[in-house]
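User: I would like to learn how to read the packing of helices in a model, taking one feature at a time. Could you give me the general idea first and then the case at hand?

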Amino acid sequence: MTDVFRDSLGHNLYRIGQLVREETAKALQPFRLTPEQWQLLVVLAQHDGMTPSELGERTLRDKTTVSRILPGLVKKGGG
């Protein structure tokens with residue numbers, strides 16, 4: 001008997017996303033960065049002076065999430 005949920009496209013796409021996030025987190029451990037922090041850094045490196053709302057638009061995150069991530073990132077950067 002097949003497991004309809006386990007074999008569904010939605011479940012498999014979700015699982016792939018989780019696996020990619022886990023592997024990204026492992027790769028970023030030496031830099032003490034989370035995948036979310038890394039994502040913000042990549043966008044900020046390409047665009048100067050962005051607001052949390054603009055960062056959210058670029059990273060597909062809401063302003064509240066971006067505002068929660070930024071203080072930890074600033075603290076890690078020493079500034």
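User: Which are the buried residues of helix 3?

Analyst: A word on the source first: this is a predicted model, in which local features need pLDDT of at least 70 and side-chain atom pairs count only at pLDDT 80 or more, while totals for chains, interfaces and linings use all residues. Residues are numbered from 1 along each chain as its sequence is written, and side-chain values use heavy atoms, with hydrogens and water left out. Helices are DSSP runs (H or I, at least four residues), numbered from the N terminus, and a residue is called buried under 20% relative accessible area, exposed over 50% and partly exposed in between (1.4 Å probe, protein chains only). By that reading, the buried residues of helix 3 are Leu55, Gly56 and Thr59. They lie on the same side of helix 3, because they cover an arc of only 100° around the axis, the arc being that of the directions from the helix axis to the C-beta atoms. Glu57 and Arg58, on the other side of helix 3, are exposed.

User: What do the buried residues of helix 3 pack against?

Analyst: Packing is read here from contacts, meaning heavy atoms within 4.5 Å. The buried residues of helix 3 pack against helix 2 and helix 4.

User: How do the axes of helix 3 and helix 4 cross?

Analyst: Two packed helices are described by the angle between their axes and the distance between the axes. Axes are lines fitted to C-alpha atoms, for helices over the stretch in contact, and angles run from 0 to 180 degrees between N-to-C directions. The axes of helix 3 and helix 4 come within 8 Å and cross at roughly 110°. That makes helix 3 roughly perpendicular to helix 4, on a scale where angles under 35 degrees count as roughly parallel, over 145 as roughly antiparallel, 65 to 115 as roughly perpendicular and the rest as oblique. On the side of helix 3 the contact is made by Pro52, Ser53, Leu55, Gly56 and Thr59, and on the side of helix 4 by Lys63, Val66, Ser67 and Leu70.

User: Where do the axes of helix 2 and helix 4 stand to each other, and which residues meet?

Analyst: The axes of helix 2 and helix 4 come within 10 Å and cross at roughly 85°, and the two helices are therefore roughly perpendicular to each other. Glu36, Gln37, Leu40 and Leu41 in helix 2 meet Val66, Ile69, Leu70, Gly72, Leu73 and Lys76 in helix 4.

User: Is Gln37 buried or exposed, and what is Gln37 in contact with?

Analyst: Gln37 is buried, with a relative accessible area of 7%. Apart from its neighbours within four places in sequence, Gln37 is in contact with Arg32, Ile69, Gly72, Leu73 and Lys76. Glu36 also counts as buried, at 18% relative accessibility, and with residues up to four places away set aside, Glu36 touches Arg21, Arg61 and Ile69. The buried residues of helix 2 are Pro35, Glu36, Gln37, Leu40 and Val43, and what covers them includes helix 1 (9–28), helix 3 (52–59) and helix 4.

User: Which residues form the largest nonpolar core?

Analyst: A nonpolar core is a set of buried Ala, Val, Leu, Ile, Met, Phe, Trp, Tyr and Cys residues joined through side-chain atoms within 4.5 Å. The largest one has nine residues, namely Leu28, Leu33, Leu40, Val43, Met50, Leu55, Val66, Ile69 and Leu73. Helix 2 (35–46) and helix 4 (63–76) each supply at least two residues of this core, with the largest share, three residues, coming from helix 4.

User: Which residues other than glycine have a positive phi, and where are they found?

Analyst: Two examples can be read in the loops. Arg32, in the loop between helix 1 and helix 2, has a positive phi of about 55° although it is not a glycine, and Arg32 is exposed, with a relative accessible area of 56%. Leu60, in the loop between helix 3 and helix 4, takes a positive phi of about 60° just after helix 3, and Leu60 counts as exposed at 81% relative accessibility.
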